[in-house]
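Walk through this model with the sequence and the coordinates side by side.

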Amino acid sequence: LGRQLGGGSWATASLAAGFFACSPRLLELVPLAGLDSLASTASRLAGRSPEVAAAFVGDAPSVLVQVGQSERQPLLTLVGTASERCPADTDRFLERTPSLLAPLEPEARSSLMSVASAAVERGGPGSFALFEEAAAGLAISDPNAQRDLLFEASKVCGSSPQAALEMLAHAPEVAARLAGEQARAWRQAGWDLLGDPDGEDQARAWFRLESARANEMLAELAGRVDLADVSALLRLYAQALTGRPLLVQPRAVLGNRRIGWSGTGGATTDGVSIFLPPSIDAFDDHAANFEAYKVHTTHQATRLSFGSFEFELGVDGRYLPARVHERPALSTRPPGSAIGSYYDRFPDTRLIAWLFALVEGTRIDACAAREYPGIRAGLGRLAQHEASARPNPAGMPARVRFLEGLVRLSLDLAASPRTSGLGRTAPRHRPAGRGHGPRQRRGSGCAL
């Protein structure tokens, strides 16, 4: 091995001398066959730069000691392949691989390096970045899943080691949405693409989640619906219901501000935008979760169409005359909105606001079910789901238990076919601006 490295020049003679100096320490870490692999790598590097080769040999003992005994030969194989196919990355593979492997389960480390060696052999330059992403993806995957993921990656490594590394790199994103057999079915669909003439590129795009079909299948299997995927469609739907331009935005943009009419599921509106939760996975079925988004959007759009923002203080309602003058304001705050001024006429403003919102929400559900019959089934399903998640009222203080009963009653009304008859005396609404004449005014307390 020393003669192989010597080569006849002073630089290669220095490399051989350094190799001899390191040999006792190296032989404590790897068998002679491993030393042969290391010398071959150093010889290839010396053809480009003896100084780089000497640095490689000098660094090898301190690097090899960082990995387990069973992982040293796979590491030398990986580094040796890099010295052939992408010499500029050889030092990165040697120096950074131990830290990339450290978070992984011990039995996963050698398997990952074997897949990476195949990827370097086929892909050459640029392979280190892909190896690094795969190691990072495995590191944040469930420890119990690492072995299964690498088993699947190893099975198809002969067809496309690059696609195998892509799959490992993005495994956490898939695991966040799919589990068990569903995740395996999704990956298998990606592997099946390798049978096509240009299947490798398709498979790699699939595992990077850059394929439209991959994302569609992911959504179908997951059941969960993300707002980012459907916001444009919901915006058009809301505009069709109300006849006015509206925005659909994630609820998080509001931060801690409590504005607009709140609704179940984190949905609300301020009259300009409809704010919805970032994702819905209340049901196992993708279509049912999309329908839940549609119900939330319909509820908030119906607030705009049926007067939730048109409350006027002191104006007679449809069924009862205004009696607000009998309740002087109890708050010393400066006058605000009409509805705020109404709340200020009660000693417990939080309670009256909560009660008013509950009754108004029930009225809006009734209007939505009557005006848009196609939403009734989804409204009932979502109400039943939310009712099942309510806390057990047993042991609650009497007032809290009473309020909980009102919530359950409102959900029962929404889930019942009778919902379509609630508020039937209200005139049918036709949005302004579509040839149906001026819009009729409704106070938000008409049900009261």
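Buried means under 20% relative accessible area, exposed over 50%, and partly exposed in between, with a 1.4 Å probe and protein chains only. Asp226 is buried, because its relative accessible area is 16%. The model is predicted: local features need pLDDT of at least 70, side-chain atom pairs count only at pLDDT 80 or more, and totals for chains, interfaces and linings use all residues. Residues are numbered from 1 along each chain as its sequence is written, and side-chain values use heavy atoms, with hydrogens and water left out.

Stay with Asp226. Its side chain meets that of Arg177 in a salt bridge (3.5 Å, N to O). Here a salt bridge is a side-chain nitrogen of Lys or Arg within 4 Å of a carboxyl oxygen of Asp or Glu. Helices (H or I, at least four residues) and strands (E, at least two) are DSSP runs, numbered from the N terminus. Arg177 sits in the loop between helix H11 (171-175) and helix H12 (181-192), while Asp226 belongs to strand S1 (residues 225-226), so the pair links distant parts of the chain, 49 residues apart. Arg177 is buried too. Asp226 also forms a salt bridge with Arg224 (3.2 Å, N to O). Arg224 counts as partly exposed, at 22% relative accessibility.

The whole structure holds 20 salt bridges. Arg399 and Asp348 make one of them (3.1 Å, N to O). Arg399 is in helix H20 and Asp348 in the loop between helix H17 (338-343) and helix H18 (349-371), so the pair ties together parts 51 residues apart in sequence. Asp348 is partly exposed, with a relative accessible area of 28%. Elsewhere, a network of salt bridges links Glu166, Arg204, Arg208 and Glu210.

Helix H20 (residues 398-415) also carries Glu404. Is Glu404 buried or exposed? Glu404 counts as buried, at 6% relative accessibility. Contact means heavy atoms within 4.5 Å. Not counting residues up to four places away in sequence, Glu404 touches Arg390, Pro391, Pro393 and Met396.

Now turn to helix H3 (residues 32-48). Its buried residues are Gly34, Leu35, Leu38, Ala39, Thr41, Ala42, Leu45 and Ala46. Why do they share one side of H3? They cover an arc of only 160° around the axis, taken from the directions from the helix axis to the C-beta atoms. The face turned away carries the exposed residues Ala33 and Gly47. The buried residues of H3 pack against helices H1 (2-6), H2 (10-29), H4 (50-64), H5 (69-85) and H6 (90-101).

A nonpolar core is a set of buried Ala, Val, Leu, Ile, Met, Phe, Trp, Tyr and Cys residues joined through side-chain atoms within 4.5 Å. The largest has 71 residues, and Leu38, Phe93, Leu112, Leu168 and Trp186 touch the most other members. Helix H7 (residues 106-123) gives the largest share, 7 residues. Another core, of 29 residues, lies apart; Ala267, Ile274, Val295 and Leu411 are among them.

Two strands pair if DSSP finds at least two bridges between them. S5 runs parallel to strand S2 (residues 247-250), with 4 bridges, and Gln249 stands opposite Phe275. Strand S4 (residues 268-269) runs antiparallel to S5, with 2 bridges. S4 and S5 form a hairpin with 3 residues between them, and Gly271 in the turn has a positive phi of about 95°.
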